[in-house]
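Trainee: I've just opened this one. Can you walk me through what I'm looking at?

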2 protein chains.
Amino acid sequence: MDLSLPEFLAHAIALEHEAAERYLELADMMESYRNDEVAATFRDMVRYSRLHHDSIVARAQGLKLPQLRSWQYRWRNPPETGGEEAFDPALTTYEALRYARENEFRAQAFYSQLATDASEAEVRRLAADFAAEETEHVQALDDWLARTPRPSTPWRVDPQHEA
Amino acid sequence: MDLSLPEFLAHAIALEHEAAERYLELADMMESYRNDEVAATFRDMVRYSRLHHDSIVARAQGLKLPQLRSWQYRWRNPPETGGEEAFDPALTTYEALRYARENEFRAQAFYSQLATDASEAEVRRLAADFAAEETEHVQALDDWLARTPRPSTPWRVDPQHEA
């Protein structure tokens, strides 16, 4: 995979925006469960994503960025745990953490790949930076997952969601 | 699955909004490929989705609708055809049609299930109506798929995307 600097920045901006939106959603959900600790973690993630987003927008100043398609930056949906039901009403805390973890891992894999593959040195440098940041997010979520009881219904096995 | 009328309308409004956004994206993509026929079909879908959206919003007037989570209405991402790559740059026409088809099928399954399961008669009636409409969209997309050459790279087998 290779991306030019404007292509790379467009992806990074969209990824951080999407992450902020989804973490906000997860934080609200955790708050409705009265799980204030996990809610606070997700709110921290909202803040980091927004700060990162704004700094990348600043970096992109003066460049013309391409328009992306939704599937190039959107988070994957969580797998459906309910079997028959097309639209799950809610996630358990464990599922919410795992959902976030898998999307962070996907972003981390994207940046890591560009950190080695990109032909522009500036893209490789930024991608390595961003990959390191995503790695920290993945680790933070792994720490939470280790401390969170698994739900009784197992998370459906889905190759798309396997790290 | 059972939903109250406000819950049902909230899903339907979100589904139609999402469909319009995604069809617009697909239409733009087809236009960039100079595939004007398929682009025109997707633009028709945008128009139908918007009309349907507006009529459901009108039906919901005066009701307080719940807020939904993104995974309760968003289209699934297309499976990744590129293997290693986390973010596909583009879809072939065939993949775009199949992507739309699978998301329409998912909406159709959602409405069909509610048409039988819902405890409120008005929800069952509306759901049956909407399921019939989605079935037409699925058929229109199947007609296009039958006329469109498959890409040389096979669409990755993914249980989440099997009808």
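Trainee: How many helices and strands are there in chain A?
Mentor: Chain A has 4 helices and 0 strands. Along the sequence the pattern reads α-α-α-α. Keep in mind that this is a predicted model.

Trainee: What confidence does the predictor give it?
Mentor: Chain A has a mean pLDDT of 90. In that chain, 87% of the residues reach 70 or more. For the complex, the predictor gives an ipTM of 0.82 and a pTM of 0.87.

Trainee: How much of chain A counts as buried?
Mentor: Of its 163 residues, 37% count as buried.

Trainee: And which residues have the most contacts inside the largest nonpolar core?
Mentor: A:Phe8, A:Leu114 and A:Ala127. That core has 36 residues. Helix 1 (5-32), helix 2 (36-59), helix 3 (93-117) and helix 4 (121-147) of chain A each give two or more residues to this core. Helix 1 of chain A gives the most, with 12 residues.

Trainee: What is A:Phe8 in contact with?
Mentor: Leave aside its neighbours within four places in sequence. Then A:Phe8 is in contact with A:Leu3, A:Leu114, A:Val123, A:Leu126 and A:Ala127.

Trainee: Which residues does the second core include?
Mentor: That one is separate and has 34 residues. Among them are B:Ala10, B:Met30, B:Ala96 and B:Tyr111.

Trainee: Back to chain A. Where is A:Tyr111 found?
Mentor: A:Tyr111 is in helix 3 of chain A.

Trainee: Is A:Tyr111 buried or exposed?
Mentor: Buried, because 23 other C-beta atoms lie within 10 Å of its own, and the cut-off for buried is 20 or more.

Trainee: What does A:Tyr111 touch?
Mentor: Beyond its neighbours within four places in sequence, A:Tyr111 is in contact with A:Ala127, A:Phe130, A:Ala131 and A:Glu134.

Trainee: How far apart are A:Tyr111 and A:His11?
Mentor: In sequence, 100 residues. In space, 9.9 Å from C-alpha to C-alpha. Across chain A, take the contacts with a separation of 6 or more: residues 24 or more positions apart account for 76% of them.

Trainee: New topic, chain B. Why does the span of helix 1 agree with its 28 residues?
Mentor: Helix 1 of chain B covers residues 5-32. At 1.5 Å a residue, those 28 residues should span 40 Å. The end C-alpha atoms are 41 Å apart, so the two values agree.

Trainee: What comes just after helix 1 of chain B?
Mentor: B:Arg34 takes a positive phi there, of about 60 degrees.

Definitions and conventions: Residues are numbered from 1 along each chain as its sequence is written. Chains are lettered from A and ligands numbered from 1 in the order in which they are written. This is a predicted model: local features need pLDDT of at least 70, side-chain atom pairs count only at pLDDT 80 or more; totals for chains, interfaces and linings use all residues. The expected span of a helix is 1.5 Å times one less than its number of residues. A nonpolar core is a set of buried Ala, Val, Leu, Ile, Met, Phe, Trp, Tyr and Cys residues joined through C-beta atoms within 7 Å. A residue is buried if 20 or more other C-beta atoms lie within 10 Å of its own, exposed if 12 or fewer, and partly exposed in between; C-beta atoms are placed from the backbone. Two residues are in contact if their C-beta atoms, placed from the backbone, lie within 7 Å. pLDDT is the predictor's confidence in each residue, from 0 to 100.
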